[in-house]
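Here is a short briefing on helix packing and a pocket. Look over the sequence and the model before reading on.

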Amino acid sequence: GVACLSLLSLAAADEEGKASVRGARPCQELWLARCASFIGREQVRELEDKGLLVIDGVMSEAQLRGNRRDVRDLDRRQLLSLSPNGDLSVRSDRVTFLMDDDRATVRAAVEKDGDASGADLLDSQNFLRGIGAALVASGFRGFSGSSGAPGAPGSQGLRLRVPEQVQVAMYRGGGAHYSAHRDGVSEGIAEMGLLAYLRTASYRSRVVTCILYMNEGIDGDERPWDGRQDRDGGNLRLYLGANDGDDVGATAVAVRNIEPVGGRLVIFDSQAVLHQVMPSHRERMACTI
């Protein structure tokens, strides 16, 4: 009986770990020419060398307004919920994960009514899901600082896959935040134990994080974002070069604060870059993949 329970636990952990990447598709299947207009060899070299790339102006002010309208509509219909970890001391944003079925529903509505709700958010999801193909097409080889990252220099090519789900996050202000963390997990079975190792399969496969901010832009009608902590706050803080075992940024070679300005795309090394969202005093929205 004990052996059966152990096997069932291992099987459940394996299922849990693979669930979020089971629908992942080869990045080349999601090629989008618009992504290639922002990402070329120069941008890829910068990403490889620094583990970080910031590109502004990937969305128009009209698209940003549409995205905010769509996210607020999701929130109004209570389709945004508290983060699954439930620990508000770690993260106090509200998130939802949009899947292929969600995108298909919006596409059908847009075909029927060109002004359908969700069209701008759909466009942002498609853009984010096309970034992997643009990176690979421009020669992206992975990150030398991430041990075991598929396609790191010296390996036999890079095969990026794109997950089905796109995360949409809303910080409602009032000091909402996300504590320092990495998006990927690099520890092995010895450090984590077998169950935890199986449960984190999708985290161990993460290579590149892409964030698109949907807040007010620089040239919009609304007040631009001011990332000073006595104003809007909400900066993305990155602890560049922090040691693997450092979860607070004490060993960082450099600390960079990035304002979540609307239309700004941030791409970084999922395994290596320790980062956090500073307390936000204003409604803050982002899509992440």
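At what angle do the axes of α4 and α6 cross? They cross at roughly 105 degrees and come within 7 Å. This is a predicted model: local features need pLDDT of at least 70, side-chain atom pairs count only at pLDDT 80 or more, and totals for chains, interfaces and linings use all residues. Residues are numbered from 1 along each chain as its sequence is written, and side-chain values use heavy atoms, leaving out hydrogens and water.

**α4 and α6**
- Axes are lines fitted to C-alpha atoms, for helices over the stretch in contact, and angles run from 0 to 180 degrees between N-to-C directions.
- α4 and α6 are therefore roughly perpendicular (65 to 115 degrees).
- From α4, the contact (heavy atoms within 4.5 Å) uses Gln63, Gly66, Asn67, Arg69, Asp70, Val71 and Leu74.
- From α6, Ala119, Asp120, Leu121, Asp123 and Ser124 take part.
- The residues of this contact divide into four nonpolar, four polar and four charged.

**α5 and α6**
- α5 and α6 pack at about 130 degrees, with axes 10 Å apart.
- Asp100, Arg103, Val106, Arg107 and Val110 in α5 meet Ala119, Leu122, Gln125, Asn126 and Arg129 in α6.
- Four of these residues are nonpolar, two polar and four charged.

**The second largest pocket**
- Its volume is about 340 Å³.
- A pocket is an open set of points on a 1 Å grid where a 1.4 Å probe fits, with protein on both sides within 12 Å along at least five of seven lines; lining residues have an atom within 4 Å of a point.
- Of the 18 lining residues, Leu74, Arg77, Leu98, Asp102 and Val106 are closest to the centre of the second largest pocket.
- α4 (61-76), β4 (94-98), α5 (100-112) and α6 (119-129) each give two or more residues to this lining.
- α5 gives the most, with five residues.

Terms used. Points joined across faces, edges and corners; volume = space filled by probe spheres on them. Helix = DSSP H or I, 4+ residues; strand = E, 2+ residues; numbered from the N terminus. Nonpolar A, V, L, I, M, F, W, Y, C, P; charged D, E, K, R; others polar. Parallel < 35°, antiparallel > 145°, perpendicular 65-115°, else oblique.
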